[in-house]
Amino acid sequence: VAKNPMGASSFDATSAGAIGRFSAPRRTNSLAYYKGNPPQFGWETVLVLGTIAGAAIAATTGGEFTGRWLPQFWVARFGEQSLGLHAAFGLAGGILMAFGARFAGGCTSGHGISGTLQLNVGSWISVICFFIGGIAVAYLLYLL
């Protein structure tokens, strides 16, 4: 039996805490969250870094690494000169996802893999909302 549910959102808090301990240790150590959860690199760090490395290896060896900054659908919709817009959308989406993961008590992988398998009602509601949000954004990007 696993002691910890699988997820990646704690990596954000761990990374922020590690950076905070390096750049502003007194302030970081005074935060209530880090008093109970000292930032230390553990299995979450290996999970996230391994996922990124594995995706890069799979894309490269599978012939799917394009070397392009912008996906074709994005260029067709917003033009070739929209790298700044793409970066702004990516940054805003990342911030919203991190906020949502902390607010929902876990990330998509934590709720979707661990929570639903444990028949956690909150996780099922979260996963349903993830799909609704994904469908809505895909509709806005692809169909409008």
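# Eight helices, one question at a time

Me: How many helices and how many strands does the secondary structure of the protein chain come to?
Reply: Helices (H or I, at least four residues) and strands (E, at least two) are DSSP runs, numbered from the N terminus. From the N terminus on, the elements run α-α-α-α-α-α-α-α. The totals for the protein chain are eight helices and zero strands.

Me: Which element of the protein chain has the highest mean pLDDT?
Reply: This is a predicted model, in which local features need pLDDT of at least 70 and side-chain atom pairs count only at pLDDT 80 or more, while totals for chains, interfaces and linings use all residues. Residues are numbered from 1 along each chain as its sequence is written, and side-chain values use heavy atoms, with hydrogens and water left out. The pLDDT is the predictor's confidence in each residue, from 0 to 100; the mean for the protein chain is 84, and 95% of its residues reach 70 or more. Helix α5 (residues 72-78) has the lowest mean among the elements, 81, and the highest, 90, belongs to helix α4 (residues 43-61).

Me: What percentage of the 144 residues of the protein chain count as buried?
Reply: A residue is buried under 20% relative accessible area, exposed over 50% and partly exposed in between (1.4 Å probe, protein chains only). The C-alpha trace spans about 50 × 40 × 30 Å along its principal axes. Of the 144 residues, the buried share is 22%.

Me: How many Å does α4 reach from its first C-alpha to its last?
Reply: The expected span of a helix is 1.5 Å times one less than its number of residues. With 19 residues, α4 is expected to span 27 Å, and close to that is its actual reach of 26 Å.

Me: Why do the buried residues of α4 line one face of the helix?
Reply: The buried residues in α4 are E44, T45, V48 and A59. The face turned away from this buried side carries the exposed residues V46, I57, T60 and T61. To find the arc, we take the directions from the helix axis to the C-beta atoms. The buried residues line one face because, seen down the axis of α4, they fall within an arc of 130 degrees.

Me: Which helix do the buried residues of α4 pack against?
Reply: Contact here means heavy atoms within 4.5 Å. By that rule, the buried residues of α4 pack against α1 (9-23).

Me: Which residues does T28 touch, not counting residues up to four places away in sequence?
Reply: T28 is found in helix α2 (residues 25-30). Its relative accessible area is 6%, so T28 is buried. With residues up to four places away in sequence set aside, T28 touches G17, G20, R21 and Y34.

Me: Is the aromatic pair of Y33 and Y34 stacked or edge-to-face?
Reply: Rings of Phe, Tyr and Trp (its six-membered ring) pair if their centres lie within 6.5 Å; planes under 30 degrees apart count as stacked, over 60 as edge-to-face and the rest as tilted. By this rule the count comes to two aromatic pairs. Between Y33 and Y34 the distance is 5.2 Å centre to centre and the angle between the planes is 80 degrees, which makes the pair edge-to-face.

Me: Why is the pair of F99 and F103 stacked?
Reply: F99 and F103 are four residues apart in helix α6 (residues 83-104), so about one helical turn separates them. F99 is exposed at 56% relative accessibility, and F103 is exposed at 69%. Their ring centres are 5.9 Å apart, and the pair is stacked because the planes are at 10 degrees.

Me: Which helices do the buried residues of α7 pack against?
Reply: In helix α7 (residues 108-117), the buried residues are S109, G110, H111, S114, G115 and T116. These residues pack against α6 and α8 (121-143).

Me: What is the phi of L119?
Reply: L119 lies in the loop between α7 and α8, and L119 is exposed with a relative accessible area of 67%. Most residues other than glycine have a negative phi. L119 is not a glycine, yet its phi is positive, about 60 degrees.

Me: How many Å apart in space are A24 and L119, C-alpha to C-alpha?
Reply: A24 has its place in the loop between α1 and α2, and A24 is partly exposed, with a relative accessible area of 32%. A24 and L119 are 95 residues apart in sequence, and in space their C-alpha to C-alpha distance is 41 Å.
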